[in-house]
Amino acid sequence: MYAIAEFLSAFIIRFNYFVLYYMVSINTFYAILFIVAIRALYIDRKKKRYWSYADMAGSSYTPPLSIVVPSYNEEETIVDNVKALLSLEYNEFELIIVNDGSKDDTLGQLIREFDMVKMDMPYRKEIKTKEVNGLYLSALFENIVVVDKANGGKADALNAGINMSKYPIITSIDADSIIERDSLIKVIRPFVEDPTVVVSGGVVRPVNDCTVDKGFIEKVRLAKSNLARFQTVEYLRAFLFGRLGLGSLNALLIVSGAFGVFKKTTVIDAEGYTEDTIGEDMELIVKIHRMMRDKGKAYQIVFVPDPVCWTQVPEDTAVLKSQRKRWHIGLMDSMIKHKKMMFNPKYGIVGMLAMPYYFFVEMLGAIVETLGYLTFVASFWLGLINFEFFMLFLGVSVLYGIFLSSSAILLDEYNFSKYSEIKEYLLLMLYSIIENVGYRQLTAWWRFSAFLTYRKKSKVWGDMKRTTFSKEQ
């Protein structure tokens with residue numbers, strides 16, 4: 001028994017040091033990414049001085065755009081969402097709303113509000129999808145099309161919208177999201193600047209408790225819910241550091257499904273969104289990277305920090321847990337499916353940097369972090385580590401996380417100032433501190449539990465409790 005106890009003690013101590021070195025390595029990478037992100041923000045600010053978005057919005061040289069809105073049980077928000085999209089500052093675009101077998105009154109809301117009429121129209125199946133039950137045109141707006149189809153999941157709905165689209169550039173925007181009037185012009189800019197750009201993505205922010213009237217963001221407010229505030233900090237950190245830094249290196253492996261713009265021919269060549277995964281947004285980006293590098297073609301997948309899409313985030317713990325587990329399972333799907341890209345020089349920086357980062361940090365990090373917390377607490381309680389090691393672990397695991405989150409908030413305030421009141425930024429700074437005590441560990445546990453429930457070929461959209469947008473003045 002004594003030998004076993006000695007072995008376990010030695011193992012726990014070694015594991016603690018492994019976790020410490022692991023976190024030091026990750027934080028070093030984050031520090032480099034932080035510098036790259038700041039440089040990218042500086043370059044973006046310089047570019048905007050020479051761009052007139054008003055001229056672009058009305059210019060015939062701006063490429064026409066097809067906007068695909070996948071919808072499943074979205075009766076609470078679909079009308080406001082479509083109205084917002086109709087008000088976008090863009091020269092020529094079409095709206096394709098795909099009703100993916102909703103069980104509520106999503107289709108009825110669209111038919112009544114926009115005077116939709118069922119039409120006998122051609123539907124080209126460039127990408128295979130579930131059966132289409134009907135195609136509708138609006139008698140009020142010539143650029144609105146509704147595709148009513150059998151339920152097949154979000155990826156299938158997106159593919160149906162792509163099949164129906166007629167323009168060379170497509171974007172998918174979630175039905176519970178609202179984008180700012182000039183967001184599309186801003187996210188399209190890279191396509192005009194560089195013909196090798198095939199994908200462009202923008203920032204996603206929580207819309208909870210913002211004032212929305214007739215599909216417009218009238219006043220930006222910080223959410224009242226503690227859970228939504230934690231997510232606001234997460235979103236700022238993820239977009240302004242992770243995606244901006246990796247995007248500037250052409251190593252971005254995910255463009256948010258809530259707001260991404262694609263060259264249509266590239267998506268079709270990649271055979272559209274993959275149906276046997278619930279991480280369809282990441283899977284498409286990885287497929288495009290792999291396809292373009294296999295073909296030896298020059299391409300760019302970029303992130304633009306300015307254009308904003310506002311989306312509802314969960315305010316219910318059970319819904320947030322389901323969402324985070326779903327995201328992690330989608331990540332696991334892509335990592336396993338494209339494992340041949342890992343450390344493969346053929347795939348350049350994607351294979352040598354991006355894939356290892358997402359595999360060892362984003363995917364396996366949940367396991368290391370969760371077990372690290374458990375063994376660290378047990379070690380301290382059993383007296384296996386001293387106070388100096390305790391403080392070092394705390395500094396590496398918590399204090400640096402606070403630094404990154406607070407830096408992202410300060411960068412956001414300096415560059416974009418979306419929140420008009422300084423107290424809202426101060427509150428975010430506070431939440432960037434307290435998220436490290438409880439919330440961060442909880443989300444790590446949820447991602448860890450995703451390994452225990454992982455199943456391939458899951459197509460579940462997942463339930464999200466929608467609410468109508470706030471219209472209080």
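The points below go from the overall fold to single residues and salt bridges.

1. Ground rules. This is a predicted model, in which local features need pLDDT of at least 70 and side-chain atom pairs count only at pLDDT 80 or more, while totals for chains, interfaces and linings use all residues. Residues are numbered from 1 along each chain as its sequence is written, and side-chain values use heavy atoms, with hydrogens and water left out.

2. Overall build. The protein has 15 helices and 12 strands (DSSP runs numbered from the N terminus: H or I of at least four residues for helices, E of at least two for strands). Its radius of gyration is 23 Å, which agrees with the value near 23 Å for a compact globule of 473 residues (taken over C-alpha atoms; the globule rule is 2.2 Å times the number of residues to the power 0.38). Along the principal axes, the C-alpha atoms fill a box of roughly 80 × 45 × 45 Å.

3. Of the 473 residues, 58% are buried (under 20% relative accessible area; exposed is over 50% and partly exposed in between, with a 1.4 Å probe and protein chains only). Among contacts with a separation of 6 or more, 80% join residues 24 or more positions apart (contact means heavy atoms within 4.5 Å).

4. Helix α4. Which residues of α4 (residues 106-114) are buried? They are Thr106, Leu107, Gly108, Leu110 and Phe114, and they pack against β1, α3, β2, β3, β4 and β5. Just after α4, Asp115 has a positive phi of about 50°.

5. Pro206, in strand β8 (residues 197-206), is buried at 3% relative accessible area. Its contacts include Thr232, Tyr235 and Trp310, and Cys309 lies 8.6 Å away, C-alpha to C-alpha, despite being 103 residues apart in sequence. Asp412, in helix α13 (residues 387-415), is buried at 0% and touches residues including Arg205, Leu236 and Tyr425.

6. Salt bridges. The count comes to 19 (a side-chain nitrogen of Lys or Arg within 4 Å of a carboxyl oxygen of Asp or Glu). One of them pairs Lys154 with Glu280 at 3.9 Å; Lys154 lies in α5 and Glu280 in α9, so the bridge ties together parts 126 residues apart in sequence. Another joins Arg324 and Glu234 at 2.9 Å, linking α10 to α7 across 90 residues. Arg324 is buried at 8%, and Glu234 is buried at 14%.

7. Glu369 and Arg447 form a salt bridge at 3.8 Å, with Glu369 in α12 and Arg447 in α15. Glu369 is buried at 11%, whereas Arg447 is partly exposed at 21%.

8. The surface. Phe343, Met352 and Phe360 form a nonpolar surface patch with about 290 Å² of accessible area together. Patches are made of residues with over 30% relative accessible area and no salt bridge, like charges being joined within 9 Å and nonpolar side chains (Val, Leu, Ile, Met, Phe, Trp, Tyr) within 5 Å; areas come from the Shrake-Rupley method with a 1.4 Å probe, and for residues only the protein chains shown count as cover. Phe360 is in helix α11 (residues 348-363) and is partly exposed at 37%.

Technical notes. Lists of a residue's contacts leave out its neighbours within four places in sequence.
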